[in-house]
Amino acid sequence: MRTLAARLTTYYCRRNPVRNSQPRNFSTYNGRDELSLEQDAERKIGWLLKLIFAGTATCIAYNIMPYMDERRMKIVEMGGAQELVNMLVDAKDDRTRKEALKALSALSPSDQAIGALHQAGAISVIRSTPDSLESAEIEKYKSGLLKRFQDLRYDVPSTNVSRSSDS
């Protein structure tokens, strides 16, 4: 009987490890969770920095733009619009034409400067400026200026710029 009791005790009391089982993790720590949290924090901080940058840029632009309009009008008041139109008329090479058109384009965001350019006869001069095969910028400046005149309803017909210069 003792031998039977000893066998039963060893049979029921021995520990059999369960195969293919993983130890239970009662902790909430997980490497993937930590990586996910870090990425989420970086994304939120990135958006915060972008918003701060956009706000700062907007504030700076809001404060600087009136000065730029004042500069444009100062150029117009000093007769710069007429001189730029004269420079475009007298230009003998593409580089001079391009620079004159570039300066006129820089003045064009101001409605008052566009009015002064219109009075200086810029529309007919810009239309008569020959196209350059080497510089696509000349055509870009010409079409931009003529579109600006047209947007403000100055006497620009709605024809294509290249058609009017081909005739």
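So, which helix does Ile-45 lie in? Ile-45 lies in helix 2. Quick reminder before I go on: what you have on screen is a predicted model.

Okay, next up, charges. As a general point, side chains of opposite charge can pair when their charged atoms come close. How many salt bridges does a search of the whole structure find? The search gives six, and I'll walk through some of them.

Start with Asp-40. This residue makes a salt bridge with Arg-43, where the closest N and O atoms are 2.6 Å apart. Asp-40 also makes one with Lys-44, and there the closest N and O atoms are 3.5 Å apart. Put together, Asp-40, Arg-43 and Lys-44 are linked in a network of salt bridges. If you look at the spacing in helix 2, Arg-43 and Asp-40 are three residues apart, so about one helical turn separates them. Lys-44 and Asp-40 are four residues apart in helix 2, and again that is about one helical turn.

Arg-43, at 48% relative accessibility, counts as partly exposed. Lys-44 is exposed, because its relative accessible area is 54% and the cut-off is over 50%.

Now a salt bridge of another kind of reach. Asp-111 pairs with Arg-148, and the closest N and O atoms are 2.5 Å apart. Asp-111 sits in helix 5 and Arg-148 in helix 7, so this pair ties together parts that are 37 residues apart in sequence. Asp-111 itself is partly exposed, with a relative accessible area of 45%.

The largest nonpolar core has 24 residues, and the ones touching the most other members are Leu-88, Leu-101, Leu-117, Ile-126 and Phe-149. Which elements give two or more residues to this core? Those are helix 2 (31-77), helix 3 (80-90), helix 4 (94-107), helix 5 (111-119), helix 6 (122-128) and helix 7 (136-151). Helix 7 gives the largest share, five residues.

Take Ile-126 as a way in. Setting aside neighbours within four places in sequence, Ile-126 is in contact with Leu-88, Leu-101, Lys-142, Leu-145, Leu-146 and Phe-149.

And Phe-149 brings me to the rings. The count of aromatic pairs comes to one. The partners are Phe-149 and Tyr-154, edge-to-face, 6.1 Å centre to centre with 85° between the planes. Is Phe-149 buried or exposed? Phe-149 is at 0% relative accessibility, so it counts as buried, the limit being under 20%. Tyr-154, on the other hand, is partly exposed, with a relative accessible area of 24%.

Last stop, Gln-150. Gln-150 lies in helix 7 and is partly exposed, at a relative accessible area of 33%. How far apart are Gln-150 and Ile-123 in space? Going C-alpha to C-alpha, they are 10.0 Å apart, while in sequence they are 27 residues apart.

Okay, that's my tour. Over to you.

Conventions. Residues numbered from 1 in each chain as written. Predicted model: local features only at pLDDT ≥ 70, side-chain atom pairs only at ≥ 80, totals over all residues. Heavy atoms only, no water. Core = buried A, V, L, I, M, F, W, Y, C linked by side-chain atoms within 4.5 Å. Buried < 20%, exposed > 50% of the residue type's maximum accessible area, 1.4 Å probe, protein only. Contact = heavy atoms within 4.5 Å. Salt bridge = Lys/Arg side-chain N within 4 Å of Asp/Glu carboxyl O. Phe/Tyr/Trp six-rings, centres within 6.5 Å; stacked < 30°, edge-to-face > 60°.
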